[in-house]
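Here is my note on this structure, written for someone new to reading models. Please keep the 3D view open as you go.

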Amino acid sequence: MSTTGATADPLAALGSLPGVADSVESVRKAVDRVYGHRIMRRRSNAITSEAALRGARGSAALSGADWGLEEVRRRTDFSTDAEARVMGAALRLTAEAGQLLSIWRQSPLRVLARLHLVAAASDGDEVGRPRRAGETADEPLIELRLPDAPEVSGRLDGLAELIIAGSAAPALVTAAVVHGELLALRPFTSHNGLVARAAERIVLIGSGLDPKAVCPSEVGHAELGRAAYLGALDGYVSGTPDGMAAWIAHCGRAIELGARESTAVCEALQRGAA
């Protein structure tokens, strides 16, 4: 991660980049609209469950398993082929994320290891730990330079320190940095995209911005498309102020679209109850 200058709170410094404050405000308004919907007062659990399903579908789509929502609902076996395994991993991660909120602020690296273990669903030696020297990452949809093991270790430690120390930065900024850093590093041998998006979800829920998990950013990332996702990630990896601001704005737009999706679900439920 690169910031615009030395500061005791580098995440908060990113919040002052041009355009970021506007993105933060736009996200807040979108989230408020969902939480203010009358259906949320009576059926918030149903909205949370639907958001989890749609979020998992969106995350899997960005990792190469672009299934229709009804297909995800219908399936019971997610072990038949590579795409099914990706979808199964996304569903498991979405379910697991809510169980790790209390651990995240004290031990983010432990949470990331757990997320990879859940995604991989394997007892291989490479599961649940960062890559070692000579190991590569199976993430074919991201064609960035792959940092070596010492760089991964150092940057993961730095990210963990930022999370544990806490920040005055808006939740959007912290979530975007966690997401972007994990995609840039690809610290595990597999499932890095799914893990990065699950970590973003944890930050958004744990920060209090989306405590009921009804604004699935994964939906928005998928809707914006893989090309836009990778283009914005290039901006993050560049470390320039404009590039970082563009990535944060992209993540903000994804949250807004996730919020819009759940607002539509609320409207559908309201029409059904009328």
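The points below cover a helix pair, the aromatic rings, one valine and some backbone angles.

1. First, a caution. This is a predicted model. Read every value below as computed from that model.

2. Start with two helices. H5 spans residues 82-97 and H10 spans residues 192-206. Their axes lie 10 Å apart, and the packing angle is about 20°. Angles under 35 degrees count as roughly parallel, so H5 and H10 are roughly parallel to each other. The crossing of H5 past H10 is right-handed.

3. Now look at who meets whom. H5 brings Val86, Ala89, Ala90, Leu93, Thr94 and Ala97. H10 answers with Leu194, Val195, Ala198, Arg201 and Ile202. Sorted by class, the contact of H5 with H10 has nine nonpolar residues, one polar residue and one charged residue.

4. How many aromatic pairs does a search of the whole structure find? The search finds three. In one of them, the ring centres of tryptophan 67 and phenylalanine 78 are 6.2 Å apart. Their planes meet at 25°, so this pair is stacked. The cut-off here is simple: planes under 30 degrees apart count as stacked.

5. Where do these two rings sit in the chain? Tryptophan 67 is in the loop between helix H3 (38-62) and helix H4 (69-74). Phenylalanine 78 is in the loop between H4 and H5. The two residues are 11 residues apart. Tryptophan 67 has 9% relative accessibility, so it counts as buried. Phenylalanine 78 is buried as well, with a relative accessible area of 18%.

6. Tyrosine 229 and tryptophan 247 form another aromatic pair, and this one is tilted. The distance is 6.0 Å centre to centre, with 50° between the planes. Tyrosine 229 belongs to helix H12 (residues 226-238), and tryptophan 247 to helix H13 (residues 241-273). They are 18 residues apart, so check both helices in the viewer. Tyrosine 229 is buried at 2% relative accessibility. Tryptophan 247 is buried too, at 0% relative accessible area. Tyr229, Tyr236 and Trp247 form one aromatic cluster.

7. Next, find valine 31 in helix H2 (residues 20-35). Is valine 31 buried or exposed? Its relative accessibility is 3%, and buried means under 20%. Valine 31 therefore counts as buried. Leaving out residues up to four places away in sequence, valine 31 touches Leu209, Cys215, Ile255 and Ala259.

8. Helix H11 (residues 217-224) deserves a look. Ser217, Glu218, Val219, Gly220 and His221 in H11 are buried. Just after H11 comes glycine 225, with a positive phi of about 100°.

9. Alanine 121 has a phi of about 50°. Alanine 121 lies in the loop between helix H7 (108-120) and helix H8 (149-165). Its relative accessible area is 56%, so alanine 121 is exposed. Histidine 191 has a positive phi of about 60°. Histidine 191 sits in the loop between helix H9 (171-185) and H10. Histidine 191 is partly exposed, with a relative accessible area of 23%.

Note on methods. Residues are numbered from 1 along each chain as its sequence is written. This is a predicted model: local features need pLDDT of at least 70, side-chain atom pairs count only at pLDDT 80 or more; totals for chains, interfaces and linings use all residues. Side-chain values use heavy atoms; hydrogens and water are left out. Axes are lines fitted to C-alpha atoms, for helices over the stretch in contact, and angles run from 0 to 180 degrees between N-to-C directions. Helices (H or I, at least four residues) and strands (E, at least two) are DSSP runs, numbered from the N terminus. Angles under 35 degrees count as roughly parallel, over 145 as roughly antiparallel, 65 to 115 as roughly perpendicular and the rest as oblique. A crossing is left-handed if the near helix is turned anticlockwise from the far one by less than a right angle, and right-handed if clockwise. Contact means heavy atoms within 4.5 Å. Ala, Val, Leu, Ile, Met, Phe, Trp, Tyr, Cys and Pro count as nonpolar, Asp, Glu, Lys and Arg as charged, and the others, Gly among them, as polar. Rings of Phe, Tyr and Trp (its six-membered ring) pair if their centres lie within 6.5 Å; planes under 30 degrees apart count as stacked, over 60 as edge-to-face and the rest as tilted. Buried means under 20% relative accessible area, exposed over 50%, partly exposed in between (1.4 Å probe, protein chains only).
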